[in-house]
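Subject: Structure handover

Hello,

Here is the structure I promised to pass on. Please open it first, then read my notes below.

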Amino acid sequence: MKSLKKTTLASLVGAAALATAGAANATIVVGGENGYEFSIDGNINQFFVSTDNDNADDNVNEVRNGLLPTFFGFNVSAPEVNGLKIGARVSISPSTNGTSYVSGGDQNALEQREAFATIDGSFGQILAGKALGLYGSHNILTEQTLYGVGYGTTGNGQTTLGGIGFGYDYADWRSQLRWTSPDMNGFKVAFAVVDPAGPGIADLAGAGPTGPIGSSADSEDLRYEADLSYAGAFDNGSYMLWLSGMVQDQDDLAEDKQAWTVGGTLKVSGFEFMAQYSDAEDATGATAATATASTDGGGSVVITPAAASRELEWDQYVVQAGYRFAGTTLVSANYSELEDKSPAATSDDTAERITLGVYHDVNANLKLVAEYTKVEHDDESRLDADIFALGGFVTW
């Protein structure tokens, strides 16, 4: 395997999201015999972040990770036998946040986001293990704050949230079985059967109007995700379109989880454009954490569950445009909006985000980033913020 000197952070994360073998994207080949290859890749990113909470008279300064954690990935690739190419990837994501000891916190958390194997053949690819989810993966990988900070800096231990909940749902890192078709003249189809555990599509819309953090309920039904994409190129440009969706039954709640998203990118002579739209439905129900306790006339404790399950519905969109100077410096801006359409929503349940950023590749291993994000809510009870970030990535 050749060292891929121009590998970017997007290809490292995209190894999981787009179901390509991690070993194929590694930048350092440690060694291998008889056709076997072992390689490593990763990044360290660090930012100075200043947050001005407009309607709380509260300024916070931090030195921390951005949207992405640090990654240290290990890849194994076996020689092709009988038309099959087998590979595997395991990565760890240590945090650069906090100190060596954080009482009651998770700023020192060591995440394990990827542990999957791939089998490639004429049928396409089968992925088995824990990897970035299929639904929502294009959205996060094409949004400019992937390389930056976005919003959600204070009170978040491991990473920021970028644009999650302010334009798109979180794909999350999920245990799954996935099939991806071969490239069919630019078209690709993918299907995944996913473990239902983990946050729901509503859980990371915390900066949005309703912010139903932790609303998901366990389910005996699996989660199903599908994706259709088309990519092409022309003189001085390229484009990609996608349509993705997911569904998961929730027998004990008012609504099943279901969502879909459509989007595309266009690159023409240095100009880069992206637009995406998402529509989602979920539900939140009574839990032990929201129940109340009281005593009856005989002194016995009576547990009163929280309110019955509540239907949730919202849509989001992002539009983004930028120009890449000399192939190395991207100046980009995006605008995103989330609107709560739940039956209980009010006319104030809308949130907006604007991000302006400069992303400069000094060389193949060093990216410098300057970014400004403004968050505004129609609901005055929620915090508006101006967020300034300066930092970058070292990759290998």
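The protein chain exposes about 17,800 Å², and carbon and sulfur atoms supply 59% of that area. Accessible areas come from the Shrake-Rupley method with a 1.4 Å probe; for residues, only the protein chains shown count as cover.

A word on the source. This is a predicted model, where local features need pLDDT of at least 70 and side-chain atom pairs count only at pLDDT 80 or more, while totals for chains, interfaces and linings use all residues. Residues are numbered from 1 along each chain as its sequence is written, and side-chain values use heavy atoms, with hydrogens and water left out.

Now the overall build. The protein chain has two helices and 20 strands. Helices (H or I, at least four residues) and strands (E, at least two) are DSSP runs, numbered from the N terminus. Of the 396 residues, 46% count as buried. Buried means under 20% relative accessible area, exposed means over 50%, and partly exposed lies in between (1.4 Å probe, protein chains only). Take the contacts (heavy atoms within 4.5 Å) between residues at least 6 apart in sequence: 62% of them join residues at least 24 apart.

Next, look at strand β19, residues 366–377. Its side chains alternate. Lys367, Val369, Glu371, Thr373, Val375 and His377 point to one face and are buried.

Which strands pair with β19? One is β18 (residues 350–363), antiparallel over 12 bridges. A hairpin of two residues joins β18 to β19. Ile354 has Lys374 in β19 as its bridge partner. The other is β20 (residues 385–395), antiparallel over 10 bridges. There, Lys367 stands opposite Phe393. Two strands count as paired if DSSP finds at least two bridges between them.

Then the salt bridges. Side chains of opposite charge can pair when their charged atoms come close. A salt bridge here is a side-chain nitrogen of Lys or Arg within 4 Å of a carboxyl oxygen of Asp or Glu. The structure holds 11. Some to look up:

- Lys374 and Asp386 meet at 3.2 Å, N to O. This pair links distant parts of the chain, with Lys374 in β19 and Asp386 in β20, 12 residues apart. Lys374 is partly exposed because its relative accessibility is 23%. Asp386, at 11%, is buried.
- Glu62 and Arg64 meet at 3.4 Å, N to O. Glu62 is buried at 16%, and Arg64 is buried at 3%.
- Arg113 and Glu111 meet at 2.9 Å, N to O. Arg113 counts as buried at 6%, whereas Glu111 is partly exposed at 23%.
- Asp41, Arg89 and Glu114 are linked in a network of salt bridges.

Last, the surface. Which residues form a nonpolar patch there? They are Leu84, Ile86, Ile119, Phe123, Ile126, Trp179 and Phe191, with about 560 Å² of accessible area together. Patches are made of residues with over 30% relative accessible area and no salt bridge; like charges are joined within 9 Å, and nonpolar side chains (Val, Leu, Ile, Met, Phe, Trp, Tyr) within 5 Å. Find Phe123 in the loop between β6 (110–121) and β7 (124–132). Phe123 has 33% relative accessibility, so Phe123 counts as partly exposed.

Best wishes
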